[in-house]
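Work through these exercises with the model open. Try each task before you read its solution.

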Amino acid sequence: MCFFTSASYGKNKCQIVFDAGSSGTRLYVYEKKGRAWIEHEGPKGAALADPVREIRGAKWSRRDQLIVELMSLLDSILTDGPQYAGKGLAWKAFDWQRRCNVGTASVFATAGMRIAEHVNRARSQQLWKEIKQALQKKLGPKVRVLTRTLPGYEEGLFAWLSVREKRGNSKFGIVEMGGASSQITFPCRSCKDSKNIYIDGRNEKIYSYSFLGLGGDEAKKVFGLSPSCAYGAGLNKSSWSEQQCSSTMKLKKSGGISDPYNFERGKRGTVKKIPFDKARNINWVFTGAFKFINEKSIDKCCRNKGKCFESRTSCFRAVYYKKYIQDLGLNYKSERAGASWTLGAAICNENNCLKNFGKKSCLWSSKGCL
């Protein structure tokens, strides 16, 4: 058993954050040096949602193996990860036990667990309980342990906070593309759904919304993978056009953008209009998967059969990401940037940024938050 003593002379303040995403769970340790946060990216384990939904070979009856694996990530990061062929180490060693005064450890899940909580609420609640018990036992009673599925608002907010940390101001908005959801976040004093976020000693009104089901992985399930969106669909076909693929994606509806998985008035599936008309003097930054895909990707993955990530669905993604932005009414050529919502979570935890937030909404379930 590995207990960590939180009061240790000469150690830096640190936070542990597990990013429990739809494709797996990645460990991060954030070390505070002066005013700067140093990110230590660690190894990756299985996705929390898999045993709940019993997908990708995972079984609910073997969830204890998942929990043991997650706890072992804290041991694995103490030494260097394996060597990738020509690409360096899988992760660099960071001895958090020796160098850190850990105050908070968080296991925060995103869209994958939102879907899992909708599918099986009871299993999800039991899994969260068991993970919290295991992590508290691993780290000892003096470390604050937080385990939950993030509402879409917070996922967008945390990504926005991480970009703000680098930019040093709040005069921007983000559109983030993930695997199962997409988040839109920007400052807005007059937006009805804006929340009070405590930043730099004062409240700031921030609007944030997450479209569950419009992430790159889930979108192909929502809209289907048409032959016109197949990898190399336009290869040697002069009649092929980008519009043939994009027309199969019914994103725009009367009143806003299709929101396929969120609930409204007890019914799954709604339409959401984002108040872009109130986003004045905002510079837009596209984050997440937008950093890796642009208009050139359509030529590479649709008109040709170039080297594309997850080639089978690469043409669909290239066209979908562009259509999504255009249907939102934004310029697809806007700035791209990396964002790390796990860093934003650490910033928020340290400053208690949600202390004036009010009631949370878990739109992925008709029964509300667990």
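**Exercise 1: A residue and its surroundings**

Task: find which residues Thr342 is in contact with, leaving aside its neighbours within four places in sequence.

Solution. Contact means heavy atoms within 4.5 Å. Leaving aside neighbours within four places in sequence, Thr342 touches Val17, Asp19, Tyr28, Tyr30 and Glu39. The model is predicted: local features need pLDDT of at least 70, side-chain atom pairs count only at pLDDT 80 or more, and totals for chains, interfaces and linings use all residues. Residues are numbered from 1 along each chain as its sequence is written, and side-chain values use heavy atoms, with hydrogens and water left out.

Thr342 sits in helix H11 (residues 341-351). Helices (H or I, at least four residues) and strands (E, at least two) are DSSP runs, numbered from the N terminus. Is Thr342 buried or exposed? Its relative accessible area is 2%, so Thr342 is buried. Buried means under 20% relative accessible area, exposed over 50%, and partly exposed in between (1.4 Å probe, protein chains only).

Last, look for polar contacts. A polar contact is a pair of N or O atoms within 3.5 Å; within protein, one must be able to donate a hydrogen and the other to accept it, and residues adjacent in sequence count only if both atoms are side-chain atoms. The side chains of Thr342 and Tyr30 form one of 2.5 Å. The side chain of Thr342 forms another with the side chain of Ser340, at 2.9 Å.

**Exercise 2: Two helix pairs**

Task: describe how H9 packs on H10, then how H4 crosses H5.

Solution. Start with the angle. Axes are lines fitted to C-alpha atoms, for helices over the stretch in contact, and angles run from 0 to 180 degrees between N-to-C directions. H9 (residues 295-303) and H10 (residues 311-328) pack at about 155°, with axes 8 Å apart. So H9 is roughly antiparallel to H10. The cut-offs: under 35 degrees is roughly parallel, over 145 roughly antiparallel, 65 to 115 roughly perpendicular, and the rest oblique.

Now list the contact. H9 brings Glu295, Ser297, Ile298, Cys301 and Cys302, and H10 brings Ser314, Cys315, Ala318, Val319 and Lys322. These divide into 6 nonpolar, 2 polar and 2 charged residues. Here Ala, Val, Leu, Ile, Met, Phe, Trp, Tyr, Cys and Pro count as nonpolar, Asp, Glu, Lys and Arg as charged, and the others, Gly among them, as polar.

Turn to the second pair. The axes of H4 (residues 111-119) and H5 (residues 121-139) come within 5 Å and cross at roughly 125°. That makes H4 oblique to H5. Met113, Ala116, Glu117 and Val119 of H4 meet Arg121, Ser124 and Trp128 of H5. By class, this contact has 4 nonpolar, 1 polar and 2 charged residues.

**Exercise 3: Positive phi**

Task: say where Glu310 lies, and give its phi. Do likewise for Asn352.

Solution. Most residues other than glycine have a negative phi. Glu310 has a positive phi, near 45°. Glu310 lies in the loop between H9 and H10. With a relative accessible area of 40%, Glu310 is partly exposed. Asn352 has a positive phi near 50°. Asn352 belongs to the segment after H11. At 45% relative accessible area, Asn352 is partly exposed.
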